[in-house]
Structure formats: structure tokens, C-alpha cells
Amino acid sequence: MYLKRVDIQGFKTFADRTVIDFMSGANITAVVGPNGCGKSNFLEAIRWGMGEQSVKVMRSSNSADVIFNGSENRKQVSMAEVEITIDNSRRVLATDFSEVTIRRKLYRSGESEYFLNKTLCRLKDIHDLFMDTGVGKNSYSIIGQGQIDILINMKPDEKKMMFEEAAGINKYKLRKRHAHRKLELTTLNLNRINDLQSEITTQVASLEKQAKEAETYLKYKEELKTLEMSSFKGKILLLNKQKVEVNQKIEELKKEILKISDQTNSNDEIRAKHRQKIYTLENTILDIQKHREEVNKEIETINTALLVNAERIQNQQQRLEQIAGDLGSIEATLQLMEKQKAETDAELLSNTAELKQINKDLSAKEKSLSTHKASLFINQRDKGEKQEKLNSDRSRLNLLEEMQRNYEGYFQGVKAVLEARDGDDRFKGIMGVVADIIETEKKYD
């Protein structure tokens, strides 16, 4: 994986579009220059393009400060854009593309856009792409000013995170956390579904009981209606029969009155008797008519009761239909809950299997990391031993050089002549001891 090209426009001091091509034969290995020429801005452009969100790392007070703010001769620009092109021919990045292009745009309004191979994406997609590759906004491949001391003085936990990033374990740990989160969410959903199922089951039992009671009530109500109708019909028939008989009797009495009236014309005495009889018959007729009115009122009362009972039966039927509809809806909901529970159980099994695989991969990575740590410890130990030997050799070399300068090991006379050689003209012809001037084979030393 190689950095091929960086396109910068509107970012900090890069007002115009600036293209830095690393793969066209330029063989760029370093960017140098005096203070204030923009070297750090170039590095920050790369970090910003990879998704850096900290304004402190960007040496800014807010996110809009990275946009070129203008100068005496140039107007400010409306957006900052950085595009990074990476050669992925070795498939280090988890994508099938042999060339990956990441672009980030930021407008003065605060809107930000991320593109992956010219396709709009999320910041999370870019972070996932660079995870465990050593490349990214917080990776060890980009070390800014002042971060060397931070790396040296890191705590053991922070160093562990750095080693895990280098060993490629972070991806599996992140996937493990996501799997645990999904598993917890699935468990919560399953518990919720079980609670709903329990609650609905209780409601179904109650509604089934109510439905049975309603059906029994309607059954008895229908039987009561049939009995009442039969009773009312019998009373109506009896009353109608009595009404007909009374009407017939009235007609007969009227005929008899007419007959008696005709007879009374010839005999006053008989007429008086007949008048008395007529008066009695008229009273009887009044009583019969009064009885007929009572019968009519009773018939009206029975008809009203029939209407009221019919309305009550209709209301009960509607209530039964409503209960039946609620029961059907609850049964449908229960079936849906059972289906969701089955899907959740399947998802739970899938997540559990995935978690086991992730734990297996993580164990392998941790084992590899332990091996690397052991190897690193051995290398550090060897390095310490070699450093101690080097320090010992340097001390011995310094001692020998000091002895050579002081002519240690020579007789006092030789030592006095050699020390006086540089400051006394009488000894200018002395070049040194024979062992320092003549070289011979080892066996002739």
C-alpha cells in the first residue's frame, strides 16, 4: 500500500489546487523547508483528509479555521477539500479496488462530506477501511511534532493499544464489542417480546373468557327473546280474541237495545224496565270499552318491550362482534410476536456463532501478539546486552586511548623522551617507538 497522490485545495495555506504526486517518478522521500513554509500544513492535510476531527491537532480554534481565510491579495474561499489516492494493489485495505481515493470537503456553513472512490459515504466507513492497517488519523504511521515524547512516556495500557493496532487486533475487538452490543440489544428485544407475549397471553385468556361469557349471554338472551316473543304472541292472540268477543258482545247488546227500544214504544212500564236494562247494558258497554282500552295499552306496552329487547339484543351482538374482532387482532399480534421471537432466536444463534468466531480470531491474534511481545522482549534484552557490551568496549577504548596518550607501560626514560618530543627541538628527529612505526605479520610480532 503506497501513497500515490494528494490533491489539496482551500486547506489552510493551500488556496489554489496543489497536487503532490508520489508515483510519477518524482521519488519524493522527504519534504523540507524553512519554518512557516507549510510543511506541517501538508501533513495536517493528510490527517484531515483521513478523518481527523480534533481542532487542537489541526492547530485551530474551530473546524472552519482550516479553510483558507484570505490574505491581502486573495479573497477567502468557501470550502476546503483534500483528496488522497492510495495504491491498493496488494489489497492491504479491505476492498476490491486496486486504487482507493478518499476525499473530504468542508464548507463554511459547517457541512462536511466524505467520499470513497467518488461515492458519498460516512466517516465511519473511512475509519473501518483503515482499521488495523497502521494508517489513519490516530495511527502510528503519522507522528506529529511533539509526539515522540508522548510515545516514549506512554503508559502500559496505551502502549498495549499501540501494539494491538500494529498486530491487527483492534478490528476483532471492535467487531467483538459490536457483536456484544448486538447480542445485548437482541436479548433486550427478546425479553421485551417475552413480556409482550406474556401480557398478550393473559389478555387473550381474559378475552376468551369474556367472549365465552358473551356467547353464553347471547345464547340465553336469544332463548329469552324466543320465550318472551312466544309469551307476548300468546297474550296478543288472547287479547285480540277477547277484543273480538267484546266487540261481538257490544254489537249484540246494541241490537238488543234497538229491539228493546222498539218494544218500549207500546208499553211504558216495559219501557221503564227496558230503560233500566239499557242503562245497565250501557254501563256494561262502558266497562267493556274501558277493558278494551286497557288491553290496547297492554298491547302497546308489550310492543315497546319487544322493541327495547330487540335493541338490547342488537347492542349485545355488536359487542360480541367487537370482542371477536379484538380477539382476532390479538391473535394476529401474538402470531407476529411468535414470528419475531423465532427470528430473534435465529439472530441470537447467528450472533452467538459470530461472537464465538470473533473470540477464536481474537485468541489467535492475542496469541500472535504474545509471541511478538516475547520476541520483542528478547530483542530488547539482546539490545540491552549489546548496549552494555558497546559501553564496556567504549570505556576500554577510552582507557586505551588515555593510556596511549600518557604512554602508559613504557619505561620512564622512553616515556620522558616521547613526552618531550613535541616541545623540545633536541628530540625533533624521534618518530616514535618501533612498535608504532613498523608493521609486520602477526607471527613476527
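Predicted model: local features only at pLDDT ≥ 70, side-chain atom pairs only at ≥ 80, totals over all residues.
Local features need pLDDT of at least 70 and side-chain atom pairs count only at pLDDT 80 or more, while totals for chains, interfaces and linings use all residues. Residues are numbered from 1 along each chain as its sequence is written, and side-chain values use heavy atoms, with hydrogens and water left out.

**Exercise 1.** Determine how many salt bridges the model contains.

*Solution.* Apply the criterion: a side-chain nitrogen of Lys or Arg within 4 Å of a carboxyl oxygen of Asp or Glu. The count comes to 13 salt bridges.

**Exercise 2.** Characterise the pair Arg103 and Glu83.

*Solution.* Step one is the distance: the closest N and O atoms are 3.1 Å apart. Step two is the location, with helices (H or I, at least four residues) and strands (E, at least two) taken as DSSP runs numbered from the N terminus. Step three is accessibility (buried under 20% relative accessible area, exposed over 50%, partly exposed in between; 1.4 Å probe, protein chains only). Arg103 is buried at 17%, and Glu83 is buried at 14%. Finally, both residues belong to a salt-bridge network that also includes Arg5, Asp7, Arg17 and Glu81.

**Exercise 3.** Characterise the pair Asp393 and Lys389.

*Solution.* The closest N and O atoms of this salt bridge are 3.2 Å apart. Both residues lie in helix H6 (residues 268–406), four residues apart, about one turn of the helix. Asp393 is partly exposed at 36%, whereas Lys389 is exposed at 53%.
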